[in-house]
Amino acid sequence: MYPRKTKQEKDAARVEKLQRINHDADLSYEIDGRRVLLETVDVIKQYRQYDQVVTAVNRASFRVFENEFVAIVGTSGSGKSTLLHLCAGLDRPNAGEIYVRGNKLGAMSPDQLGRFRGTYIGMVFQSHHLIPHFTALENILVPTMMCQKEEQSYNETLKKLVATLDIGDRLHHLPSELSGGQQQRVAIARALINMPQLVFADEPTGNLDRENADDVLQLLLETKALLGQSLVMVTHDLTFAAKADRVYKMEAGKLRPWRRSLDGELPGYVEKE
């Protein structure tokens, strides 16, 4: 006979089952002691354009580890932003699988996916997408109203973000009263307020001048280090990509690791297997 489970073991099993049903369980695995936070397997995304089918993402497979910075580069129209949106759960692939924390995004209902995304994923867009009639502070706090984490107090996180992003004196201003760089800083704070484990940045410096672009990248790296997150960034700027732990290049929907022999030098970047 099998030994009977104690009440504690039964309660723990019920909690684990509920977590799996609600996609709250951390089902990620490790490779060489590093935890895989994001994994895509042969992801395909196609669109119909008039009488043609366009394959924007063609069997893309890659992994992102915990606390890692991964950059994806490529020309306009190569499919890199589409892939990022798929990984963030903002769109669904036609084929293939995407796993975040070991949870299959394709197995989630729209409500489950929205809740999961609000809890574990942050997104920074090229355009800030701030709500124009909300103050900077109200914009930052919008995600906390949609996805309340019972175990988390937002006060300390807000203080850290405001200090790191240097927007303390702009919190009660409307977006129209902020510069482009300040608006993007507010958007970064909004993406990070829920302390997501995985942050996606889609050309976050594309609309900024060089000085502000450098500042935004540095702030993303600082907040990544501060909050212990993984960062996946789509960028056309190779100087930014060179700061990543790993770089991928996307061409005509196909994703592959950056290779010096094929793609040239990235000053300061060390190729990893």
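Start by selecting E68 and R246: their side chains meet in a salt bridge, with N to O at 2.7 Å (a salt bridge here is a side-chain nitrogen of Lys or Arg within 4 Å of a carboxyl oxygen of Asp or Glu). E68 sits in the loop between β3 (52-65) and β4 (69-73), while R246 belongs to strand β10 (residues 246-251), so this pair ties together parts 178 residues apart in sequence. Helices (H or I, at least four residues) and strands (E, at least two) are DSSP runs, numbered from the N terminus.

Before moving on, a word on what you're looking at: this is a predicted model, where local features need pLDDT of at least 70 and side-chain atom pairs count only at pLDDT 80 or more, while totals for chains, interfaces and linings use all residues. Residues are numbered from 1 along each chain as its sequence is written, and side-chain values use heavy atoms, with hydrogens and water left out.

Now colour that first pair by accessibility. E68 counts as buried at 5% relative accessibility, and R246 counts as buried at 10%. The cut-offs: buried means under 20% relative accessible area, exposed over 50%, and partly exposed in between (1.4 Å probe, protein chains only).

Next, select D91 and K45. Their side chains form a salt bridge at 3.5 Å, N to O. This one also links distant parts of the chain, 46 residues apart: D91 is in the loop between α2 (80-87) and β5 (95-100), and K45 is in strand β2 (residues 34-49). Which end is buried, and which is partly exposed? K45 is the buried end, with a relative accessible area of 9%; D91 is partly exposed at 28%.

Hop over to D26 and R35, another salt bridge, where the closest N and O atoms are 2.3 Å apart. D26 is partly exposed at 36% relative accessible area, whereas R35 is buried at 14%.

For something beyond a simple pair, select K249, E251, R256 and D263: these are linked in a network of salt bridges. The count for the model comes to 14 salt bridges.

Last stop: α2. Six of its eight residues are buried, so the helix is largely enclosed by the rest of the structure. To see them, select K80, T82, L83, L84, L86 and C87. Then step on to G89, which follows α2 and has a positive phi, near 75 degrees.
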